[in-house]
Amino acid sequence: MALGIGAAVYTAYFSTHGLPGASVAGVSVTGQTKSQLAAELGERADQVSVTLQIDDHSRELSLADLGISVDAQATADQVFAANENLGQRYSAVFTKQTSPVVATVDESKIDALTAELVSEYGDPAKDAIVKLGDDNASFIIEPAQAGTGVDASDLTAAADRAVQTLSSQTVRLTTSQVDPHTSTDQAQTVADKANKLVALDVNLTGRESDSYPATATQKAQWITIPTADNGSLGEPVISQEKVAAWVQQTADTAGVEVVNGIRNVNQAGTVVSTLQEARDGWQVNNATQLADNLVNALGSGQPYAGSFSFDKVDPTYQDKVIADGAQNLSYAAAPGERWLDVNLGNNTVTAYEGATVARGPIYVVPGMPGLETPTGKFNVYLKYQSQTMRGTNLDGTTYVAENIPWVTYFTGSIAFHGAPWRDSFGWSGPGGSHGCLNMPVADAQFIYGWAPMGAVVVSHY
């Protein structure tokens, strides 16, 4: 009975206390509660440090400085996992149980610390590199340089010991020569291979034997030198994308853009004039294949010559139906289209519907010398039944003209309008307008009411 009672007491006690023979971080936990153990582990972890000795320098680092975080609660949970099993509680009397410390490690912090140590106490090695020269047509190198560095493996091992023993550690690191991953000779070999690729002739032929050679500068842009994370160089590579872009650009140059024709036809459908001659187009149809062949040839160390092939693109015609006889006028108007012909050669304005005169010729007074009425094709865009006009004279003085009747603007400040102050029309020269077309009031009223917004106005000599 006494033995049974003792066993019961043992079992009950060690269900919540550290088992006999149990230890973590080199210290017995027998008899401790889980919360006591977690608190002790946390306190010990906070006090742990790793002292670095590098040459004549010394630095003390906490576990946090090394990117290490001890999980005291998870460690305590792991230690007490055996307490949950009755058999393990009894067997603990005869065995020893050592549990590891649970911790997480941010390796980037040790990497950053190592880089800092190299920067502070060493001189980083410099890999030789291959780059385009100032001519953008050949590859040159920057030589490699040996450096001095710090081997961080001893630091990592010391940090691991500090975690598993929860005791401070001292580690001595030494600097030593560090060779670059890519030597000057290795880089020169890669540069030589790249320059051999640039030296290979590349030529494409278009219609009528037009030649399109690739320049050294263009070929150099196609070449890339792969660089591994550790700085080592790979073999020169021809960029499929860059080659394809050059071939397509060259194909666009070699092709001929179609030009669609523009014709005037009369009301019977007969072509009476051609405003723009049509021209066949030619479009390259094998640019992708040529790019693939070019890349394959250069990749094999061979020059390349290829020829574009073309698809013919037939032009179309845009036919404008014009009024019969309109081809002989200053503007080829559609049947019934209202438009205005301004003839500065004889100082007249004629209103047409298609090719039929609706009114005119109307004699006008155009702009005076120095303020000439402009020539060109314009459109009616603004109207006023009456307006006060303001402007500047040739001598720089300003003028104000009130109650100008029936104003129809067709470009800038230039308009048709009535000029009741004039008693004669059909002349030009000194004494003319400021650029507008002065006309009898009745004619100006007609144009105001007859010409729609957007109506074409052609001014010519």
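Student: How many helices and strands are in the protein?
Tutor: There are 11 helices and 31 strands, counted as DSSP runs (H or I of at least four residues for helices, E of at least two for strands) and numbered from the N terminus. Keep in mind that this is a predicted model, where local features need pLDDT of at least 70, side-chain atom pairs count only at pLDDT 80 or more, and totals for chains, interfaces and linings use all residues. Residues are numbered from 1 along each chain as its sequence is written, and side-chain values use heavy atoms, with hydrogens and water left out.

Student: What's the radius of gyration?
Tutor: The protein has 47 Å, whereas a compact globule of 461 residues would be near 23 Å. That radius is taken over C-alpha atoms, and the globule rule is 2.2 Å times the number of residues to the power 0.38. Along the principal axes, the C-alpha atoms fill a box of roughly 145 × 65 × 50 Å.

Student: And what share of the residues is buried?
Tutor: Buried residues are 39% of the 461. Buried means under 20% relative accessible area, exposed over 50%, and partly exposed in between (1.4 Å probe, protein chains only).

Student: Which residues have the most contacts inside the largest nonpolar core?
Tutor: V247, L294 and F308, in a core of 37 residues. A nonpolar core here is a set of buried Ala, Val, Leu, Ile, Met, Phe, Trp, Tyr and Cys residues joined through side-chain atoms within 4.5 Å.

Student: Which element gives the largest share of this core?
Tutor: That's α10, with seven residues. Among the other elements giving two or more are α7 (184-199) and α9 (240-254).

Student: What does V247 touch?
Tutor: Leaving aside neighbours within four places in sequence, V247 is in contact (heavy atoms within 4.5 Å) with L204, A287, L290, A291, L294 and F308. There's also a second, separate core of 36 residues, which includes V24, V50, I54 and Y121.

Student: Switching to V284: where is it, and is it buried or exposed?
Tutor: V284 is in strand β19 (residues 281-284), and it counts as buried because its relative accessibility is 18%.

Student: What about N286, which residues does that touch?
Tutor: N286 is found in the loop between β19 and α10. Beyond residues up to four places away in sequence, N286 touches S307, F308 and S309. With a relative accessible area of 15%, N286 is buried too.

Student: OK, salt bridges. How many?
Tutor: The count is nine, where a salt bridge is a side-chain nitrogen of Lys or Arg within 4 Å of a carboxyl oxygen of Asp or Glu. One of them joins E235 and K193, with the closest N and O atoms 2.8 Å apart. That pair links distant parts of the chain: E235 sits in the loop between β15 (223-224) and β16 (237-238), K193 in helix α7, 42 residues apart.
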